[in-house]
Amino acid sequence: MSFKRSSIIENLRKTQMLDLLSRQKRLDGRALDEYRPISIKLNPIQKANGSAEVSIGDTKVIAGVKVEIGEPFPDTPEQGLLVVNAEFLPLSSAMVEPGPPDEYSIEVSRVVDRGIRESQMLALKELVIEPGKLVYCVFVDIDVLNIDGNLFDAAFIAAVLSIATAKYDKKIVKEGKEETTKVSLPVRLIPVSVTSITIGDNILLDPTEEEDSVHDSRVTITFDEEGRLCAGQKGGSVGLSVEQLFKIVDLSKPKAEEIRALIKKVIGNA
Amino acid sequence: MIKLIDENGLRLDGRKFDELRPVRIEVGVIKNANGSAYIEHGKNKIIAAVYGPREVHPKHLLIPDRAIIRCRYHMSPFSTDERKPPQPTRREIEISLVLRRAMECVLFLEDYPRSIIDVYVEVLQSDGGSRCASITAISAALADSGISMRDLIVGCASGKADGQIILDLSDIEDKEGEGDMPVAYMPNLDKITLLQFDGIFSEYEFKKALDLAIMGNKKIYEILRKALMEKYFKTEEK
């Protein structure tokens, strides 16, 4: 997020932050590479095929998956559909106003979409009913309920969990009769995104809104289960050096493994 | 699966893995604008125009100690294989945002308090790497407008096709390949101002792709410099 802010307060805050960071400290006492506690509630919405509420510190999002039958895109007749949409609800912060999705919520939608799509989490080819005519469409809608930084990762975890735990009615023709059975989506792996920001020479993982509001650069990287990079996005209005970027990759990779272990544990317990 | 690289290591359009498509830049193509540029990068044909710094409307957008940038990246309906409806898509809105951020890296916005700089990008014909070509055009237009800049920005993508890291992806390589990494770069400050990627890259491939994109950017920088010199030396002679 970068809402329009008061430039004086922003400058004061940045000075204070840089002073703390020179002693390797953050405002909330965390280590620079430490995440806030992540808490997860699975399937809070019974009417959705899958859903998850995820909090990272005070950031809270809820994602719901709806699986419907529809037409495939003309350029991918033999693939199911994946549609990711994020919305910053006006109740989520004093700075958000009602209206059509703005560029920031569109960015979250598209970064989450690319992470899930490019990691090949979902075998979209298995979601075809009749090639070119009928496919299953997986709609992932993410509501941002409370904003306190790092919406990318909160939205990503919520989206991944709701897809991984979703059950839908699959039509199967058995001995000439059409039957429906409840099955899981064709999930092949659990991708994880890790977001960090730079302030001066410092790299901070999982920024709060306060930290995020003074960042130089922001980087979100999505990893698949083999530790390969499958999507990434730079934000922020200051240039990033190649060395800094590689340092961010090195810091993010082990963090992604930690978060993946947590997600898998939650799914295993479901 | 389409084969993107043949046995001789050549790509569908005959390029080597580290070869750019032809790039041509023309500075000062829109009379009314404060700065403008036209770029052809492969089949991309893109115009960028800068208006401002000028008074902010609506007033509530104003920031007291610096200028704001408003960027609109737009594709003409005839720019793609199938007609693109004229209203902005989510993709265009996101690209407008990342282009704006790339510009924020390079401009001395604090030199123009309480004002707005409008940057319009129109893609007349699209090919792979249109956001990268756009940022090069924007940078030429900004330089043409005379707004103070820290450096120039150039854009060039790298990516992965048939398991190989390649430079400057064309449309088909972008669609059929295994990965795409658009990078915008300030060559004198050696800083990245725009980075996105999708596809599957091992850590080694990621680093290799980034290095290759930066190498491509440095080549485009020379073309951009020449285009700017061309315009300004000509004017001096008149």
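Two strands count as paired if DSSP finds at least two bridges between them. Helices (H or I, at least four residues) and strands (E, at least two) are DSSP runs, numbered from the N terminus. I then looked up A:Gln233, whose bridge partner in β9(B) is B:Gln196.

A note to myself: this is a predicted model, where local features need pLDDT of at least 70 and side-chain atom pairs count only at pLDDT 80 or more, while totals for chains, interfaces and linings use all residues. Residues are numbered from 1 along each chain as its sequence is written, and chains are lettered from A and ligands numbered from 1 in the order in which they are written.

Next, the wider interface. I found 28 residues of chain A in contact with 31 residues of chain B, contact being C-beta atoms, placed from the backbone, within 7 Å. On the chain A side, α2 (103–118), β12 (229–235) and α5 (242–269) each supply at least two of the touching residues.

Then I turned to chain B by itself. I see four helices and nine strands there, in the order β-β-β-β-α-β-α-β-β-α-β-β-α from the N terminus. Its C-alpha trace spans about 55 × 45 × 35 Å along the principal axes of chain B.

Terms used. Two residues are in contact if their C-beta atoms, placed from the backbone, lie within 7 Å.
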